[in-house]
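Here is a short note to go with your first look at this structure. Please keep the viewer open and turn to each place as it comes up.

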Amino acid sequence: MPARWASDPDHSRGRLHAERTGSVRGPRDAFQRDRDRIIHSISFRRLRHKTQVFLAPDGDHFRVRLTHSLEVAQIGRTIARALGLNEDLTEALCLAHDIGHPPFGHAGEDALQAALAGRGGFDHNGNTLRALMTIDSPYPRWPGLNLTWETLEGLAKHNGPIAAPGWALAEADAAFPLDLGRWPSLEAQVAAIADDIAYDNHDIDDGLRAGLLTVDQMMAVGFVARGWHQTCSDNDDIRPERLVGELIRAQIGAMVNDVIAETWRRLAEARIETAEDVRAAGQLVGFSDGMREDERELKRFMYANLYHHPRQLAAAEAAHGVVAGLFAAYHADPGLMPGEWSRRLPAGEPGRSRHIADFIAGMTDRYAVTRYCEAIGPVDLPEGF
């Protein structure tokens, strides 16, 4: 039985575009249909070849945006179920939260932000809304996926209220007002923290697998050290190198349990009665004070030792060059873009530059490299790219 503060598909604020009554296929409610539309979208499929940590990874065992999004959804559903929330809306938000990322992750985003300087800039969160409301249009009667207000609201502000939205998010809000100044649903808040839990822990796994981190090095992080010693103690008959997966699972479990207990405490303290109460109450889903400090220490370590590792920085520099080079080439000669994209190019700015950025942002890592080689020439990629 859903909790009284859960989002209710029967009381959704609806969709931007009216749909024919007979268009409902199967016994699904509005949030289930949103989730399924996301899963069947081209934007979601492209996440298979978009960077998570390692750019265009050669190894089959490294995570990409698609596998990361699936792991976020698994964690999100676990938390949502424990709190009595709507699992389908939570899953939809988790699956779609990274759809707006361009190729090469944050390196690609930085390149597009620089390319659109003076033209509104680029933000992957706003681009998620743009992709799902405008660009990815598989249906004949409306643009975009025509998702419910609750799904779009959660994607727009799962990290909290937005006082100064960028141009893409502002356009989405103008078309379908999303109450950007208020807190989102509990389902959206769960999606945000599930994202943190997933990449905090799975990036450790990938970093160790890639040889950029070592277990001994990770002992500098108190949370990891405590977990490692407990894991080894509980499995003293097993070789330590076989216990990394067990450590990751234990850390995820500890974080998830902490979020559930802390959120229950906050819900009781705030005397939340309805889903509408949530939007006026501030952040309700979160870590306890102790776990929050542990998580921040872990993040500082990961930035210093993995995300800013010299090998990663070299790859990011090369990726930045690919995206920046593509933008410059297409701006100088729009005919280099495929027919439909070049034909629909706006005549003036900022529409012209934003249109080119739309095309590049939808690319996978591999497709971006291929297009760069076709339009410009060979790209100097670091070893292992």
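1. Let us begin with phenylalanine 104. Its relative accessibility is 1%, and because buried means under 20%, phenylalanine 104 counts as buried. You will find phenylalanine 104 in the loop between helix H4 (87–96) and helix H5 (105–115). Its phi is near 70°, a positive value in a residue other than glycine. Most residues other than glycine have a negative phi. Do bear in mind throughout that this is a predicted model.

2. Now turn to arginine 271, in the loop between helix H12 (244–270) and helix H13 (275–281). Its phi is also positive, near 55°, and arginine 271 is not a glycine. Is arginine 271 buried or exposed? With 69% relative accessibility, arginine 271 counts as exposed, because the cut-off for that is over 50%.

3. H4 is mostly covered, with 10 of its 10 residues buried. Those buried residues are Glu87, Asp88, Leu89, Thr90, Glu91, Ala92, Leu93, Cys94, Leu95 and Ala96. What covers them? The cover includes helix H1 (30–39), helix H2 (42–46), helix H3 (65–83), helix H6 (124–135), helix H7 (149–157) and H9.

4. Two of the partners of H4 can be described in detail, and H9 is one of them. The axes of H4 and H9 come within 9 Å and cross at roughly 45°. That angle makes H4 oblique to H9. The crossing of the two helices is right-handed. On the H4 side the contact is made by Leu89, Thr90, Leu93 and Cys94, and on the H9 side by Glu187, Ala188, Val190 and Ala191.

5. The other partner is H7. H4 and H7 have axes 10 Å apart and pack at an angle of about 45°. The two helices are therefore oblique to each other. H4 passes H7 in a right-handed crossing. Here Leu89, Leu93 and Ala96 of H4 meet Glu150, Thr151, Gly154 and Leu155 of H7.

6. Next, look along H9. Its 25 residues should span 36 Å at 1.5 Å a residue, and the end C-alpha atoms are 36 Å apart, which agrees. Of these 25 residues, 23 are buried, so H9 is largely enclosed by the rest of the structure. Just after H9 comes glycine 211, with a positive phi of about 80°.

7. How many residues does the largest nonpolar core have? The number is 81, and the residues with the most contacts inside this core are Ile38, Ile79, Leu129 and Ile197. Helix H9 (residues 186–210) gives the most to this core, with 12 residues. There is also a second, separate core of 25 residues, which includes Leu112, Met337, Ile356 and Met363. In soluble globular proteins, nonpolar side chains tend to be buried together.

8. Leaving aside neighbours within four places in sequence, leucine 129 is in contact with Thr134, Leu152, Leu155, Ala156, Leu169, Ala172 and Leu178.

9. Please check the loop between H16 and H17, where leucine 345 is found. At 17% relative accessibility leucine 345 counts as buried, because the limit is under 20%. Which residues does leucine 345 contact, leaving aside neighbours within four places in sequence? They are Pro334, Met337, Arg352, His355 and Ile356. Of these contacts, histidine 355 is 10 residues from leucine 345 in sequence, with the two C-alpha atoms 6.5 Å apart in space.

10. Proline 350 is found in that loop too, between helix H16 (339–343) and helix H17 (351–361). A cis peptide bond joins glutamate 349 and proline 350, with omega about 5°. Most peptide bonds are trans.

11. Not counting residues up to four places away in sequence, valine 379 touches Val322, Val369, Tyr372 and Cys373. The C-alpha atoms of valine 379 and valine 369 are separated by 7.6 Å, and these residues are 10 apart along the chain.

Conventions:
Residues numbered from 1 in each chain as written. Heavy atoms only, no water. Core = buried A, V, L, I, M, F, W, Y, C linked by side-chain atoms within 4.5 Å. Buried < 20%, exposed > 50% of the residue type's maximum accessible area, 1.4 Å probe, protein only. Helix = DSSP H or I, 4+ residues; strand = E, 2+ residues; numbered from the N terminus. Contact = heavy atoms within 4.5 Å. Expected span 1.5 Å × (residues − 1). Axes fitted to C-alpha atoms, helices over the stretch in contact; angles between N-to-C directions. Parallel < 35°, antiparallel > 145°, perpendicular 65-115°, else oblique. Left-handed = near helix turned anticlockwise from the far one by under 90°.
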